[in-house]
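Please have the sequence and the 3D view open while reading.

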Amino acid sequence: MRPLVAHIRLNHLRDNFLALKQMHGGGKMLAVVKANAYGHGAVRCAQALADMADGFAVACISEAVQLREAGIQLPIVMLEGVFAAEEYALADRYQLWPVVGNLWQLETLLAHDWQKPVTVWLKMDSGMHRTGFFPHDYAPAYQALAQSDKVADVVKITHFACADEPMKTMTAEQIHAFEMVCANLPGEVSLANSAAMMAYPQTQCGWGRAGLALYGISPMGGTDSRFKPVMRLVSKVFGERVLQMGEPIGYGASFVTNRSTRVGLVACGYADGYPRRAATGTPVAINGVRSNVLGRVSMDMMTVQLDDHRQLLGSEVELWGDVVNVNEVAAAAGTIAYELLCNVKRAEMVYE
Ligand SMILES: *Cc1c(COP(=O)(O)O)cnc(C)c1O
């Protein structure tokens, strides 16, 4: 069998949850398991957190229903809300909590014939300008929901654009805009993503929404010893050769050896989600020892630098995990860890 394996350490996931919960001042916290739990497997991750999380967050109704069908009973927030009015019937049946972020979602929710009153998360656009009601439209939207007997509770939610860049003033401005409007509106609030939990203790009130850091990766980049990487993506050296000086490797012949070089062929490529933009020099770890990519990443395989003096055929190659942080690979590829984790495919998922 092809040796590409994503080891998912569920004990790390649990430890990260508890570490984040503490950073969040012990407040309520959603485990964000959208996009198949950032590539880690939504059902398995939700099951592993079911006795400690206060609820889960997903993007959309199909992700929420998948968790319910797997037996998850905690609250589930749909962060994008619904895309068609019929979805509210499923939200009703499965007791899901939709985000309402625009007038159409609000009006169709209030027009729906609910069997049970629904808990709504009403989104404010405090400055990110993607979704949510503008501050001056927020209180009327809140009142329309709060006054309806179809609505059980309204939780006030907003999202930060720059919480991972604490040098910028934007997060403080967003918090201020949110607080100004919400001061006179009763009920719970939800502000913090992972980065805000780490950098903005004033967001500790209400429901935290922990995503990337839950998977052990710092949204600030680099390595943060408070978190334990959950995914360890590994493969093997399945070919080995020594090339003389001046020999090209791979597509485009973009890399040429500048000395006699021992090269390993690794079963992992961009069809597995490894970024093709990761150029020569991107770190990998061979039997736990750091090395690097040589030449271009192909669809199904890539080439790496081996120790000149050792035969390493069959050796384990960590693409990211404990020795190589996925943030390093993301930086080398000009992207973010979120994208790399979500993109993992064709790897055998092993839960441990
Ligand atoms: C994805 C998402 C989160 C989680 O963000 P992280 O940076 O991964 O912690 C929180 N809130 C909303 C609205 C999101 O879409």
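How do the residues of the shell around the ligand divide into nonpolar, polar and charged? The shell has 5 nonpolar, 4 polar and 2 charged residues. The model is predicted, and the values below are computed from it. The ligand takes up the space of the largest pocket, while a search of the whole structure also finds 2 cavities of 30 Å³ or more.

**Ligand site**

- The residues around the ligand are Val32, Lys34, Tyr38, Leu79, His159, Asn193, Ser194, Arg209, Gly211, Leu212 and Tyr338.
- Ser194 places a polar side-chain atom 2.5 Å from an oxygen atom of the ligand.
- Leu212 contributes through its backbone, where a polar atom is 2.7 Å from an oxygen atom of the ligand.
- In the side chain of His159, an N or O atom is 3.4 Å from a nitrogen atom of the ligand.
- Taken alone, the ligand exposes 390 Å², and the protein buries 92% of that area.

**Largest cavity**

- The volume of the largest cavity is about 40 Å³.
- Its lining consists of Lys123, Met124, Asp125, Ser126, Met128, Arg130, Thr131, Thr158, His159 and Gln174.
- By class, 2 of these lining residues are nonpolar, 5 are polar and 3 are charged.
- His159 belongs both to the residues around the ligand and to the lining of the largest cavity.

**Second largest cavity**

- About 30 Å³ of space lies in the second largest cavity.
- The residues that line the second largest cavity are Ile217, Pro229, Met231, Trp320, Gly321, Val326 and Leu341.
- This lining has 6 nonpolar residues and 1 polar residue, with no charged residues.

**Annotated positions**

- According to the UniProt record, an unreviewed entry, the annotation "binding site" covers Arg130 and Met299.
- These two positions are spread over 170 residues of sequence, and they are also spread in space, with up to 34.0 Å between C-alpha atoms.
- From this set, Arg130 is part of the lining of the largest cavity.

Notes
Residues numbered from 1 in each chain as written. Predicted model: local features only at pLDDT ≥ 70, side-chain atom pairs only at ≥ 80, totals over all residues. Heavy atoms only, no water. Near = heavy atom within 4 Å. Polar contact = N/O pair within 3.5 Å; in protein donor to acceptor, adjacent residues only side chain to side chain. Areas by Shrake-Rupley, 256 points an atom, 1.4 Å probe, with all protein chains shown as cover. 1 Å grid on protein atoms, 1.4 Å probe; cavity = no way out; pocket = protein on both sides within 12 Å on 5 of 7 lines; lining within 4 Å. Sits in = over half its atoms within 2 Å of the grid points. Nonpolar A, V, L, I, M, F, W, Y, C, P; charged D, E, K, R; others polar. Points joined across faces, edges and corners; volume = space filled by probe spheres on them. UniProt positions renumbered as here; feature names shortened; annotations may be inferred.
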